[in-house]
Amino acid sequence: MENAADMPTRRGRAAATNPATRCDLLHIEPDPAALDADELRSVPTRFFHDHTRSVLAKNNSPDVGFTYSLNPYRGCEHGCIYCYARPSHEFLGFSAGLDFETKILVKKDAPRLLAEELARPSWSPQVVALSGNTDPYQPVERRLKLTRACLQVFLTHRNPVAVITKNHLITRDLDVLAELATRNLVTVSVSITSLRPDLVGAMEPRTSRPQRRLQAIERLAERGIPVGVNVAPVVPGLTDEEMPEILRQAASSGARRARYILLRLPGPVKDLFIEWLCRTLPDRADRVLNRLASLRGGRLSDNRFGTRMRGEGEWAEVLSRLFHLTCKRHGLNEPTQPLSTTHFRRLAGGQLDIFG
């Protein structure tokens, strides 16, 4: 890998390159010397139709609290450099680098396919995560409204849904979310990694800035929509010190639940993150990598269930105690009722109420 300091800075993008995928037989990377300044800095986003025949993905991980998830989009223009979903783009023939944030697959049939899934006799009503991989409120959702249409399908069938996002755009759908909430059919989690706009702009370039996310929590809470905060990921040596303040401000804005996840660097994400760190925050790079290794048994990544979300060792125990004490101080994670499945109705033509 060439010197990180010499890598091109691309406007609105976190990744600087397209590393070869694990499936590549031949990989060609453009020569930066052959590109002009605008080409180096600007990488347009391209969208492709994803002609999937099913939209509910089954999860087998014991580390997450859902069995099924729904992802209207594959790839994510938010471009978070640490995103654990980046490797999934390689199975589509794209790179986990720039391709992940610039080549987005759109499941235009997602609302119809979801309605068909919920109408099947084999479907057992249960919470579906929206989404478990990429953000359902990434920028293109403003125009395509696929996530909104899927929420309307959940409402039509009275099936519970848990929404996870970093984007203030979720407030556009307060009407549907509030109606779901009246039947105890929805929870929302807003992820906040840092309260520093400059750091968020570099690490998560096309996400909503921290104050906008706090405003989203406030507006959701005002409408009676159960909302929590994900301090995720916690980047040791960089954002871990912000955990108490993130929790305090989220609770003050109306969050009633909280969780945290330690930075994970699966597959090609490790090299992408290290390159970004050395290019963007060279003075912090050694501290971050050494602290992360101390939480991962000397490694930078750990895929083992049970430890990959929290880490292990002394620093992991310090983070856990800090999180739980701060949550207790601010009244977060008090017992609540689980989302309801008693209102579920199986409508063979349920999608017609929305699209007809």
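Leu130 stands opposite Val163 in strand S7, a pairing described here from a predicted model in which local features need pLDDT of at least 70, side-chain atom pairs count only at pLDDT 80 or more, and totals for chains, interfaces and linings use all residues. Residues are numbered from 1 along each chain as its sequence is written, and side-chain values use heavy atoms, with hydrogens and water left out.

Strand S6 (residues 128-130) runs parallel to S7, the two being joined over three bridges, where pairing requires that DSSP find at least two bridges between two strands; strands are DSSP runs of E with at least two residues and helices runs of H or I with at least four, numbered from the N terminus. S7 also pairs with S8 in the parallel sense, over five bridges, and in S8 the bridge partner of Ala162 is Thr187. From S7 the chain passes through H6 to S8 in a right-handed β-α-β crossover, that is, one in which the path from the first strand over the helix to the second runs clockwise when the strands point away from the viewer. Because four of the five residues of S7 (residues 161-165) are buried, this strand is largely enclosed by the rest of the structure; buried denotes under 20% relative accessible area, with a 1.4 Å probe and protein chains only.

Thr187, in strand S8 (residues 186-191), is likewise buried, with a relative accessible area of 18%. Beyond residues up to four places away in sequence, Thr187 touches Val161, Ala162, Val163, Pro226, Arg257 and Leu339, contact meaning heavy atoms within 4.5 Å.

The largest nonpolar core comprises 59 residues, and those with the most contacts inside it are Val163 and Val188; such a core is a set of buried Ala, Val, Leu, Ile, Met, Phe, Trp, Tyr and Cys residues joined through side-chain atoms within 4.5 Å. Helix H6 (residues 174-182) gives the most to this core, contributing six residues. When neighbours within four places in sequence are set aside, the contacts of Val188 include Val163, Ile170, Leu177, Leu220 and Arg257. Another core, of 31 residues, lies apart from the largest one and has Val43, Cys76, Ala85 and Ala96 among its members.

S4 and strand S5 (residues 103-106) are antiparallel and pair over two bridges, with Leu105 in S5 as the bridge partner of Arg74.

How values were computed:
Buried means under 20% relative accessible area, exposed over 50%, partly exposed in between (1.4 Å probe, protein chains only).
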